[in-house]
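Subject: Structure handover

Hello,

Here is the structure I said I would pass on. My notes on it follow below.

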Amino acid sequence: MKILKITLISVFAFGLMTSCFEDQDDNAIASSDISDFVWKAMNAVYLYKSEIPDLADNRFSSNEEYNAYLNGFSGPEELFESLIYERETVDRFSIIVNDYIALEQALNGVFKSNGLEYNFYYIPGSSTEAFGIIRLVLNNSVASGLNLERGQVFTSVNGTPLTASNLNSLLGQDTYTLEFADYDDNGTPETSDDTITPNGESITLTKQPYTENPVHLASIIPVDGVNVGYLMYNAFNANFVNQLNQAFATFQSNNVQDVVLDLRYNGGGRVDVAAFLGSMITGQFNGDVFSKLIYNENLQSNNDTYNFSSTLGSGGAAINSLNLNRVYVLTTDKTASASEMIINSLKEYIQVIQIGGTTVGKSQASITVYDSPDLSRDNVNPNHTYALQPLVAISVNANDGQVPPTGIEPETTFEVIESPRNFGVLGDVNEPLLARAIQHISGNGRVGLQIGPSLNEIKGKLDLQPLENEMYIDPEILFKN
């Protein structure tokens, strides 16, 4: 990784001459000092550096020009946004944070939560009124202790009816009360006559620090004399890789011959964990390329390969591999990053049958960048807690194929869209996405299950857990090698 260190030295040699700025807002550190960190970091590692003229190495001819440039922004956040390449279509994912402690906790699966994840929809016939539905109750959470269930509908919070404009603020509070309702499709396939009626039930929830084990559900389902392994996996978290491997040990000991991998709400995580999961599903490709990461033009020597492996890293436990030649993957429009890497990488080796909806479309990886001499966590500037999580590399499969930015689409016969009209119980053989997989495994035709027209879904910030839709790299790889 010598080229990275040389590049950073050259950037910081310039930075040393520009470190004294007027303190504009009497903070412990001037806003322009943090902006100096932002520019230098993005100049060094940003994947789309060549597309942003302001990040060119020869952008500034003098210290004065550089200082004037930084001071032309209201703060580091505005500067950061100005350096993002096509925010709406290409880089939808790079972020700046003012508290890297919280960022680190989130990357490790630690965040404040009451244990509920939601989907939101417009009430039929309205363009403003909304309702929410519980899509997931996290294990060992506040909500699981209150016997809340997937599929419960609510129309108001703290007595205030939900709308598209207030749902984020109402549900962003640490404590709130959900007021539930009954959904009635009136026995017709159309949504125009569906009604949602408050039922008088309510419950108050308070968020607490929570650590999620992403192995949400693992079970064995007998199908026509064959054992099928069902795994709902919600994040590629290195802290729980042993639990993931244990799930495959259970599959292995039960002679599982097909696996249904439920990634419908998995927004991504660690690249190396994705390679481990790919190795658990297969096992016959040890040493072959699972995925490759390609960096910007100044960091080409950092380009890296993740191979199929028989162990959980160097000196790690043996991977419990199933040696499968096909896998079923359940997806929605919340399936992203490392989840998409699984589909994109495995399809070069085995049959991947995708069931559900089109994925997010994110093939870029990020890394946490700190204000330190080499941008790593070592010797970080003690005067502030800003950090960046920029896109730094793009992932491709063994044959250099990328995930389409529009997402990965299932074949038409395998398209099954989740709906409040029939959410089903996760892991139950009648749940629509899992039922479609079982139908195919049993050989009972290829006709998709019909669940009626889709409702108009509302995309809100609360659709995402912290750092969902991230695929990230272990900093040790970039900064320490």
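This is a predicted model: local features need pLDDT of at least 70, side-chain atom pairs count only at pLDDT 80 or more; totals for chains, interfaces and linings use all residues.

On the H8 side the contact is made by Val241, Leu244, Asn245 and Phe248. H9 contributes Val273, Phe276, Leu277, Met280 and Ile281.

H9 is mostly covered, with 11 of its 11 residues buried. Among them are Asp272 and Ser279, along with Gly278 and Phe276. Just after H9, Gly283 has a positive phi of about 120°.

The three-stranded sheet

A second open sheet has 3 strands in the order S1-S20-S19, and its pairing is antiparallel. S1 (95–97) and S19 stand at the edges with a single partner strand each, so one side of each has no neighbour in the sheet. S19 and S20 pair over 2 bridges in the antiparallel sense, and Tyr370 stands opposite Ala387 in S20. H5 packs on this sheet and touches S1, S19 and S20; the direction of H5 makes about 35° with that of S20. Helix H2 (residues 31–45) lies across S1, S19 and S20 as well, running at about 30° to S20.

H5 covers residues 100–107, and its buried residues are Tyr100, Leu103, Glu104, Ala106 and Leu107. Seen down the axis of H5, these fall within an arc of 160°, so they line one face of the helix. The general rule behind such a pattern is that an α-helix has 3.6 residues a turn, so residues three or four places apart point the same way. At the start of H5, a side-chain oxygen of Asp99 comes to within 3.1 Å of the backbone nitrogen of Ile101. Just after H5, Gly109 takes a positive phi of about 80°.

Tyr386

Where does Tyr386 lie? Tyr386 is in the loop between strand S19 (369–370) and strand S20 (387–389). The C-alpha atoms of Tyr386 and Val369 are 9.2 Å apart in space, while the two residues are 17 apart in sequence. With a relative accessible area of 15%, Tyr386 is buried; the cut-off for buried is under 20%.

Leaving out residues up to four places away in sequence, Tyr386 touches Ile34, Phe37, Pro76, Glu77, Ile96, Val97, Asn98 and Tyr100. The side chains of Tyr386 and Glu77 are also joined by a polar contact of 2.6 Å.

Strand S5

The last item is S5 (residues 153–157). 5 of the 5 residues of S5 are buried, so this strand is largely enclosed by the rest of the structure. Which strands does S5 pair with over 2 bridges? S4 (residues 130–137) runs antiparallel to S5 and is joined to S5 by 2 bridges, with Gly132 opposite Phe154. S6 (residues 160–161) is likewise antiparallel to S5, over 2 bridges, and the bridge partner of Val157 in S6 is Thr160. The hairpin of S5 and S6 has 2 residues between the strands, and Asn158 there takes a positive phi near 55°.

S5 also pairs with S7 (residues 175–184), in the antiparallel sense over 4 bridges. In that pairing, Ser156 has Glu179 of S7 as bridge partner.

Regards

How values were computed:
Residues are numbered from 1 along each chain as its sequence is written. Side-chain values use heavy atoms; hydrogens and water are left out. Buried means under 20% relative accessible area, exposed over 50%, partly exposed in between (1.4 Å probe, protein chains only). The arc is that of the directions from the helix axis to the C-beta atoms. A polar contact is a pair of N or O atoms within 3.5 Å; within protein, one must be able to donate a hydrogen and the other to accept it, and residues adjacent in sequence count only if both atoms are side-chain atoms. Contact means heavy atoms within 4.5 Å. Two strands pair if DSSP finds at least two bridges between them. Axes are lines fitted to C-alpha atoms, for helices over the stretch in contact, and angles run from 0 to 180 degrees between N-to-C directions.
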